[in-house]
Amino acid sequence: MWLSKFKELKLCLKAGRVTLPYPLAPGETMKGFRGRPVLNGDLCLGCGACAAVCPPRTIFVIDEQDTRTIQVDYSRCTYCARCEEVCPVGSITLNNEFELATTNKNDMKLSATLSMAKCKNCGTPFTTQRMLAKLTDDYYPEWMQVKVDPPEWFSICPDCRKKLEASRLKGGSKIV
Amino acid sequence: MFDQEKIAALLKKHFKRSLWVYHANAGSCNGCDIEEVNAFTPYYDAERFGLKLVGSPRHADVLLVSGPVTRQALPRLKELYDAVPNPKLVIACGSCAVGGGVWFDTYHTMGGLDKVLPVDFFIPGCPPRPEAILWGIAVAMGLVDKKVEPYNYQENTADKPMDNI
Amino acid sequence: MSTGHELLNQIETKFPGAVKVDSVTERVAFLSVCDEQLVALADFLANQMNARFVMEIGTDKRPVNQKYELSYIFCLDQEGFEISLKVMVDENKLEVPSITPVIPGAGWAEREVYDMLGIVAVNHPDPRRLVLADDWPEDLFPMRKDFEHDNRPPAAEVKKIMKEPDGNATVVSVGPFFPTLEEPAYFRLFVEGEKVVGCDYRGFFSHRGIEKLADKVLDYNQVPFMAERICGICGFVHSCSYCQAVEMAAEIEVPARARYIRTIMLELERIHSHLLWIGLAGHIIGFDTVLMQSWRVREPVMWLCEQITGNRKTYGMNLVGGVRRDIPEDLHPKILETLDKIESESRTIIDAIIKDKPLLMRLQGVGTLSREDGRKLCVVGPTARASGLETDIRVKYPYAAYGELDMKAAFQTGGDVLARTLVRAEELFTAIDLVRQALQKMPEGPIMAEFSDIPPYREGISLIEAPRGESLHYVLTGPDNRPYRWSVRAPTYAQLQAIPDMLSRSTVADFPLIVASIDPCFSCTERVETVDRSSHTIKTYRREELLQQLQNKYRGGERS
Amino acid sequence: MRVVLIGMLNILIVLLLSPLYEGIMRKVRAVIHSRQGPPVLQPYYDLAKLMLKDDQIAEGNFIFKSAPVLCLGSIILVALFIPLGTAAPLGFAGDALVLVYLLTMSAVFIILGGMASSNPYAFLGANREMMLLLVVEPVLAISLLTGAIKAHSLLLSNISGYMLANPTFSMAVAGLAFFLVIQPEMAKIPFDLAEAETEIMEGPFIEYSGRKLAFFKWAFWGKQVIFVALFAQIFLPWLRTSFAPVNILISLLEVLVLVVVVELIATLNPRLKIEQAIRYFAGIIVFALAGMALALLGL
């Protein structure tokens, strides 16, 4: 019995002290670690793809009259990085920070407020200006080639588009 | 017979050296609980900062709660809170306790600890790494300052007129 | 095919015209029965065909066909075949005959169905509330489709449903917050001195309404992340199991590489879970050095997982159809190196443990569960294998890449805590070996299947050998990009029923160790919608038996 | 005057140094656990904090309230009866018996406090403490009596003097028996049954908080030092000089070494069950009695 105890003692001492210096020295994370979500307002288009896939439903798209706000409240975030995966422009990413403790839950709120584009037909705001600009930039060359569907289509809200298309098919008026 | 505020201030100082933790799981998935225990194991060794897990709430200074607080756990949790002697800290650990987690709005949870008890510190993470828990405790002890802050971006429309469309 | 057809033929001969075959494959048969025949058929399956009752799943299908559907799932472990018996319940009748009298293990499931859907199991021996909070109103049933997931009804009158001890035993409440149970669970031990003479259990402190969210709010690809949070230790098991169930229902072929990656992650999870268990068991008996050393050995696995998946615990790897992250070639040396280190270190620790006499004094002969009792109580996983029951889902019902790997299930015959420790120790090394094999055999290729959409109203069942035992996921696909019904049966559900049996010869000092020896995971068990709180049916019956025994032993049986 | 001085010194050593020894034990534990461990001064911080905390149960019955103070008081009293490098301050013929009684007293107050807590765990803990007391105290008494028989005196200093002069076989048996009860008397694993955190949530102390808990803890640590010191003084009487301060220093070092040994045993063993512990000590009682019989036979 004593022998086994000595063996155990040896086993324990052999490992030596393994305690990491953290938090006195900075902690390291592995490459690819999914830490805190970061929102880059300069890139965000306001498409809301992140909000649609978020399992804890903690990303909101809040539309007001002239603005659209993408709000991330990562207090209940599950750090799954689905938002990062679906974001078309990389405006929401998970960085490697994990030291998130705070006294105030508001510290965990991120938001980006973007201006809305108004429908050229009815004046209702229907998407963000950036979204519109992005679509135009992406597809403008193609339109120029095929010479159909003038870009003006994109400045009109889906509702108006439907109506206008309907009336066009009936041989009605042209687009404004 | 004592000046309560003075004592509380004095204690704040002493909490830097000695903080006894009672850990309550209010319906969590176990992830946070295991990481909390992990914070006491050799690689992280929370005990070197004077932390100790205690078995009775009467001995505790900190109520470390994980889980979204389920309806069934709520009354027990309140009893527990009352059993911890003053001055005490309440720390919500993990996304469930901080914000309610995936189930923040379901019929059987309360959607986070701050809905039912006054919470002093939040440690988000799902689950928080042991280092994150140590960091949170260090913030609670006043050893380090919190790092996170809110971010609000406002698009400046004046720069980019949308006339090109 | 033969097994399924043979069996169906037997049933057909025995009960002509009683069952309608909905579908049959090599692995599973979905049958419909009428409620008059249910009890006889369940009796036949469980008590003559040796099938193991796994779960009863209730679905509110009123929006589709004005009926409730109850699926009773059985497993034929010898043949590796699953049977689902479906019974339709009329929305105005809300009654079904109870199968608990013939299968005691169904007691919890039937009570849960009542709690969740309001369907009464007629003749149930102990129809008490199981899942919902004590102050939940009587007439609200959360799994009905017309119940909103965020409906939080005001508190109703609290009913005292806990049992009182007979005679002059003292009540010792364990929990719901108890230092060695990392999770809330409430046991009432009836003790005389240090001897435990009975117990009662109230669980479901972790009932969070997960299943409701899946059929009301989240979509197919959000559910895996929630499933992972059913349990913080064996989360990957749940997300993987859910995905497999959906993939089965939708007939999605998962790429081989994804299956291997799943296998590797499942086994890594088993490694850290077993090391964790060894540590906690040591902690419970006051041997903190075991806790510290085994968790020290475990930590590199966590780092490895973080490197592979981006998180230490909740890996977020699974989506329906495959996995999100690949395990690149350049990580292989690191994985193998970590495994070597863990293998040699845990071997020395386990060697030390099994030679430590005082430690063996605490483990040997404690919480013994005989092979026979184990079979009756339907225990699964390491608990079953420690009692000499050779049930390992990885061998009997191969999933992921297990069919292509070489493995042998560990088993012991002692049935006590020591045997459970040894089984877990052996599984630890099996798991290390499996990861090595999987890394070697992993084929190249995509990690995500191509599929268009998931057809509605198909059923899928997935069994996985979690570190704690068999875990079942059932999915009924739905029309609006989310499961119509998703139900989980965690291993602890089955194990908890064996606790009173194990406790029967124990003392207060042994109690935490015995509970821990099944490696309980209450959050799994109570996850959601479907689970357990202790079967009072079995428990009551057992307790009386036990009281009788103890009285005979200690008091000469003078009291009845 | 000298008595008062030495008395003060003993009390100071027991009260002021006992947390330090506790701190050292925690450090030893940490080394075995492969970790850094708390600072050696940690127990002082803990005590200071507990002293300042609110007392959750200010009400409660008289026994519940007074048990911690009485427990600490009895330890202070014991400190006056033990030799710590010098002769015991209150040494008189028969002090060995008084010592056994007083040491039992401190355990009795813990039991009373637990019983008065009206908590099933405290009750269980108190119960266990009582059962342990019943098997452990006899060993203590028997081994001291063995020494007394050999030395023909109940005076501790005479017993240790005899040990120094004639380390006989029976004295060795008595010493070994005494050593084996240090572990339960110090409430260390494998015999910390009464306070087992993971089984009965610190047993008798479960309902105590703030100052009362601090008193209990302090008394506990004091008792640890007293026990080890007593063993070192009586059964390891070598290494003494004629100069008192050096003697005190030597005995403190002896305590340090023993404390480390005790902690090593504690970290390398699991907690036993109460019936296992009782069976074990029943064996030791027989062993100690055999030693006493040998002493009577003159061995």
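Start in chain B and select helix 3: what covers its buried residues includes strand 1 (19-25), strand 3 (62-66) and strand 4 (89-93) of chain B. Helices (H or I, at least four residues) and strands (E, at least two) are DSSP runs, numbered from the N terminus. Buried means under 20% relative accessible area, exposed over 50%, partly exposed in between (1.4 Å probe, protein chains only). Cover rests on contact, meaning heavy atoms within 4.5 Å.

This is a predicted model: local features need pLDDT of at least 70, side-chain atom pairs count only at pLDDT 80 or more, and totals for chains, interfaces and linings use all residues. Residues are numbered from 1 along each chain as its sequence is written, chains are lettered from A and ligands numbered from 1 in the order in which they are written, and side-chain values use heavy atoms, with hydrogens and water left out.

Stay on helix 3 (residues 74-83) of chain B. Show B:Leu74, B:Leu77, B:Leu80, B:Tyr81 and B:Ala83; these are its buried residues.

Next, chain C. Strands count as paired if DSSP finds at least two bridges between them. Strand 13 and strand 14 (residues 469-477) of chain C share eight bridges, in the antiparallel sense. Pick C:Ile461; its bridge partner in strand 14 of chain C is C:Tyr474.

Move to chain D. Select D:Met163, in helix 6 (residues 156-165) of chain D. Is this side chain's residue buried or exposed? D:Met163 is buried, at a relative accessible area of 6%. Leaving out residues up to four places away in sequence, D:Met163 touches D:Met171, D:Ile234, D:Phe235, D:Pro237 and D:Trp238. Then jump to D:His33: 130 residues from D:Met163 in sequence, and 37 Å away, C-alpha to C-alpha.

Last stop: D:Leu112, in helix 4 of chain D. D:Leu112 counts as partly exposed because its relative accessibility is 35%.
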